[in-house]
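Hi everyone, thanks for making time for this one. Let's have the model up on the screen, and then I'll walk you through it.

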Amino acid sequence: MNVEERLKAQRIVIAIALILMSLISFNFALKGTYTIISLIVGFAFLGMALFLLFGLKKKH
């Protein structure tokens, strides 16, 4: 594995972890504990995960 493949694999693993953390946060929001804060944090985690998966390409 070269460096680019390793970085891509690490980005995918981190994105999956962020998606799981957003699901946990949405679960807290559904249970009714800290609903607004849980929704904001859940969307933040989901946004970071989507940014990692479908990140902006650098144009040279």
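A word on helices before we start: they are DSSP runs of H or I with at least four residues, strands are E runs of at least two, and both are numbered from the N terminus. With that in hand, Ser22 sits in helix α1. What you see is a predicted model, where local features need pLDDT of at least 70, side-chain atom pairs count only at pLDDT 80 or more, and totals for chains, interfaces and linings use all residues. Residues are numbered from 1 along each chain as its sequence is written, and side-chain values use heavy atoms, with hydrogens and water left out.

Let's stay with Ser22. Is Ser22 buried or exposed? Ser22 counts as buried because its relative accessibility is 1%; the classes are buried under 20% relative accessible area, exposed over 50%, and partly exposed in between, with a 1.4 Å probe and protein chains only. Its side chain reaches the backbone oxygen of Ile19 at 2.7 Å. For a polar contact, we ask for a pair of N or O atoms within 3.5 Å; within protein, one must be able to donate a hydrogen and the other to accept it, and residues adjacent in sequence count only if both atoms are side-chain atoms.

Which residues does Ser22 touch, not counting residues up to four places away in sequence? They are Gly42, Phe45 and Leu46, with contact meaning heavy atoms within 4.5 Å.

Now to Gly42, which belongs to helix α2. Gly42 has a relative accessible area of 0%, so it is buried. Leaving aside neighbours within four places in sequence, Gly42 is in contact with Ser22, Ser25 and Phe26.

Ser25 is in helix α1 and, at 7% relative accessibility, counts as buried. Apart from residues up to four places away in sequence, Ser25 touches Ser38, Val41 and Gly42. Here is a C-alpha distance for you: Ser25 and Thr35 are ten residues apart along the chain and separated by 9.2 Å. Thr35 is in helix α2 and is partly exposed, at a relative accessible area of 33%.

Next, the aromatics. A pair of aromatic rings is described by the distance of the centres and the angle of the planes. How many aromatic pairs does the structure hold? There is one. Phe26 and Phe43 form it, edge-to-face, at 5.1 Å centre to centre and 65° between the planes. The pair links distant parts of the chain, with Phe26 in helix α1 and Phe43 in helix α2, 17 residues apart. As for the cut-offs, rings of Phe, Tyr and Trp (its six-membered ring) pair if their centres lie within 6.5 Å; planes under 30 degrees apart are stacked, over 60 edge-to-face, and the rest tilted. Phe43 counts as exposed because its relative accessibility is 53%.

Last stop, the surface. Ile12, Ile16, Leu20, Leu23, Leu50, Leu53 and Phe54 make a nonpolar patch of about 680 Å². Patches take residues with over 30% relative accessible area and no salt bridge, joining like charges within 9 Å and nonpolar side chains (Val, Leu, Ile, Met, Phe, Trp, Tyr) within 5 Å. A salt bridge is a side-chain nitrogen of Lys or Arg within 4 Å of a carboxyl oxygen of Asp or Glu. Areas are Shrake-Rupley with a 1.4 Å probe, and for residues only the protein chains shown count as cover.

Which helix gives the most to the nonpolar patch? That is α1, with four residues. Both α1 (3-31) and α2 (35-53) supply at least two residues each.
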